[in-house]
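Here is a set of questions and answers on one protein chain. Each answer works towards the value or name asked for.

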Amino acid sequence: MILTGDLGFTGSTLLYELMEKEHKLNIRKQHKDCGLMIFNLKEQDVNSGGSGCGCSASVLCSHIIKRMKKGELQKVLFVATGALLSTTTSKQGQPIPSIAHAVLLEV
């Protein structure tokens, strides 16, 4: 499994497009996004998602670790994604820097 923090629907779609265009890889079957696993886009007004740190911690420490202990998942590439938001830069039309830490978890 490739697990991202909270790319949400928009970020996940962009990730798929980039991986296919740049590396000729289709990761749709392997990829899960913590934000998309927590929130229901059709029933909740969450726009592009929630907190990358909150979504990552919640899903990894509950759902994913349990599945690994049960033997359902052998290897998880956990990429904790997030944005470094600043009200000043966004109001000035500046780009929003982002960050990602990759951790490989194996049983």
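Helices, of at least four residues in H or I, and strands, of at least two in E, are DSSP runs numbered from the N terminus. The model discussed here is predicted.

Q: In which loop does Leu 84 lie?
A: Helix α4 covers residues 87-91, and strand β3 covers residues 75-83. Leu 84 lies in the loop between β3 and α4.

Q: Is Leu 84 buried, partly exposed or exposed?
A: Buried means under 20% relative accessible area and exposed means over 50%, with partly exposed in between. Leu 84 has 45% relative accessibility, so this residue counts as partly exposed.

Q: Which residues does Leu 84 touch, not counting residues up to four places away in sequence?
A: A contact requires heavy atoms within 4.5 Å. With residues up to four places away left out, the partners of Leu 84 are Ile 96, Pro 97, Ser 98 and Ile 99.

Q: How far apart in space are Leu 84 and Lys 66?
A: In sequence, 18 residues separate Leu 84 from Lys 66. From C-alpha to C-alpha, the distance between Leu 84 and Lys 66 is 30 Å.

Q: What pattern of helices and strands does the protein chain follow?
A: The protein chain has 4 helices and 4 strands. Read along the sequence, their pattern is β-α-β-α-α-β-α-β.

Q: Over how many bridges do β3 and β4 pair?
A: The two strands pair in the antiparallel sense. Within this pairing, Leu 77 stands opposite Leu 104 in β4. The count for β3 and β4 is 9 bridges.

Q: Which residues make the nonpolar surface patch of about 270 Å²?
A: A residue needs over 30% relative accessible area to be part of a patch. Leu 36, in helix α2 (residues 34-38), is partly exposed at 32% relative accessibility. The patch is made by Phe 9, Leu 36 and Leu 41.

Q: What is the N to O distance in the salt bridge of Glu 20 and Arg 28?
A: Side chains of opposite charge can pair when their charged atoms come close. Glu 20 is partly exposed at 29% relative accessible area, and Arg 28 is partly exposed at 43%. Their side chains meet at 3.3 Å, N to O.

Q: With which residue does Glu 72 form a salt bridge?
A: Glu 72 is partly exposed at 45% relative accessibility. The closest N and O atoms of the pair are 3.0 Å apart, within the 4 Å cut-off for a salt bridge. The partner, partly exposed at 24%, is Arg 67.

Q: Which strands hold Glu 106 and Lys 75?
A: The side chains of Glu 106 and Lys 75 meet in a salt bridge of 3.7 Å, N to O. The pair ties together parts that are 31 residues apart in sequence, because Glu 106 lies in β4 and Lys 75 in β3. Glu 106 is exposed at 54% relative accessible area, while Lys 75 is partly exposed at 46%. The strands are β4 for Glu 106 and β3 for Lys 75.

Q: What percentage of the residues count as buried?
A: The protein chain has 107 residues and an accessible surface of about 7400 Å². Carbon and sulfur atoms account for 57% of that surface. With buried taken as under 20% relative accessible area, the share of buried residues is 25%.

Definitions and conventions
Residues are numbered from 1 along each chain as its sequence is written. This is a predicted model: local features need pLDDT of at least 70, side-chain atom pairs count only at pLDDT 80 or more; totals for chains, interfaces and linings use all residues. Side-chain values use heavy atoms; hydrogens and water are left out. Two strands pair if DSSP finds at least two bridges between them. Patches are made of residues with over 30% relative accessible area and no salt bridge: like charges are joined within 9 Å, nonpolar side chains (Val, Leu, Ile, Met, Phe, Trp, Tyr) within 5 Å. Accessible areas come from the Shrake-Rupley method with a 1.4 Å probe; for residues, only the protein chains shown count as cover. Buried means under 20% relative accessible area, exposed over 50%, partly exposed in between (1.4 Å probe, protein chains only).
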